[in-house]
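Hi,

Here is the model I promised to pass on.

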Amino acid sequence: MAIPPNWYIIFDIPQISGSDKMLKDFKMDELRIICAIAETASVSRAAQRLNMPQSNVSRTLTSVERKVGLAIFLRTARELVRTEFGEQFYSRQQRRSCAA
């Protein structure tokens, strides 16, 4: 699914620095949940994969987005699509937590 480029022009997307300092502010469970959402493009499928209630996964996503102050995903009618910041965030955390 192609995302119109203007969907990304919501705010300036900060680059995540070379250090993974930002990711140290999160619990491993939070990062694991974001990873599952990114890989499945769905809160409900991520919840099934993690064997967790959907409400917990959704609440964690909202909490993480508030902590970073930016949207990690764009919500569409059928799926969640990573924003540019979400791509950066996911690629950084993938090295740390997705494999675990």
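This is a predicted model: local features need pLDDT of at least 70, side-chain atom pairs count only at pLDDT 80 or more; totals for chains, interfaces and linings use all residues.

Let me start with Ala41, which is buried, with a relative accessible area of 15% (buried means under 20%, exposed over 50%, and partly exposed in between, with a 1.4 Å probe and protein chains only). Ala41 sits in the loop between helix 1 and helix 2, and its phi is positive, near 60°, though the residue is not a glycine. For background, most residues other than glycine have a negative phi.

Residues are numbered from 1 along each chain as its sequence is written, and side-chain values use heavy atoms, leaving out hydrogens and water.

Asn51 also has a positive phi, about 55°, without being a glycine. Is Asn51 exposed or buried? Asn51 counts as exposed, at 73% relative accessibility.

Now the overall layout. The chain has four helices and two strands, in the order α-α-α-β-β-α from the N terminus. Helices (H or I, at least four residues) and strands (E, at least two) are DSSP runs, numbered from the N terminus. Of the 100 residues, 42% count as buried. The accessible surface comes to about 6100 Å², and 49% of that belongs to carbon and sulfur atoms; the areas are from the Shrake-Rupley method with a 1.4 Å probe, and for residues only the protein chains shown count as cover. Among contacts (heavy atoms within 4.5 Å) with a separation of 6 or more, 59% are between residues 24 or more positions apart.

On to the helix packing. The axes of helix 1 (residues 28-40) and helix 3 (residues 54-68) come within 10 Å and cross at roughly 105°. That makes the two helices, helix 1 and helix 3, roughly perpendicular. The axes are lines fitted to C-alpha atoms, for helices over the stretch in contact, with angles from 0 to 180 degrees between N-to-C directions. Under 35 degrees counts as roughly parallel, over 145 as roughly antiparallel, 65 to 115 as roughly perpendicular, and the rest as oblique.

Which residues meet there? From helix 1 come Glu30, Ile33, Ile34 and Ile37, and from helix 3 Val57, Thr60, Leu61, Ser63, Val64 and Lys67. By class, this contact of helix 1 with helix 3 has six nonpolar, two polar and two charged residues (Ala, Val, Leu, Ile, Met, Phe, Trp, Tyr, Cys and Pro count as nonpolar, Asp, Glu, Lys and Arg as charged, and the others, Gly among them, as polar).

In helix 2 (residues 43-50), the buried residues include Val43, Ala46, Ala47 and Leu50. These cover an arc of only 100° around the axis, so they lie on the same side of helix 2; the arc is that of the directions from the helix axis to the C-beta atoms. Their cover includes helix 1, helix 3 and strand 2 (80-82).

Last, the strands. Val81 is in strand 2 and is buried, with a relative accessible area of 14%. Val81 and Ile37 are 44 residues apart in sequence and 9.5 Å apart in space, C-alpha to C-alpha. Glu79, in the loop between strand 1 (73-75) and strand 2, counts as partly exposed at 26% relative accessibility. Glu79 and Val43 are 36 residues apart in sequence, with 8.5 Å between their C-alpha atoms.

Cheers
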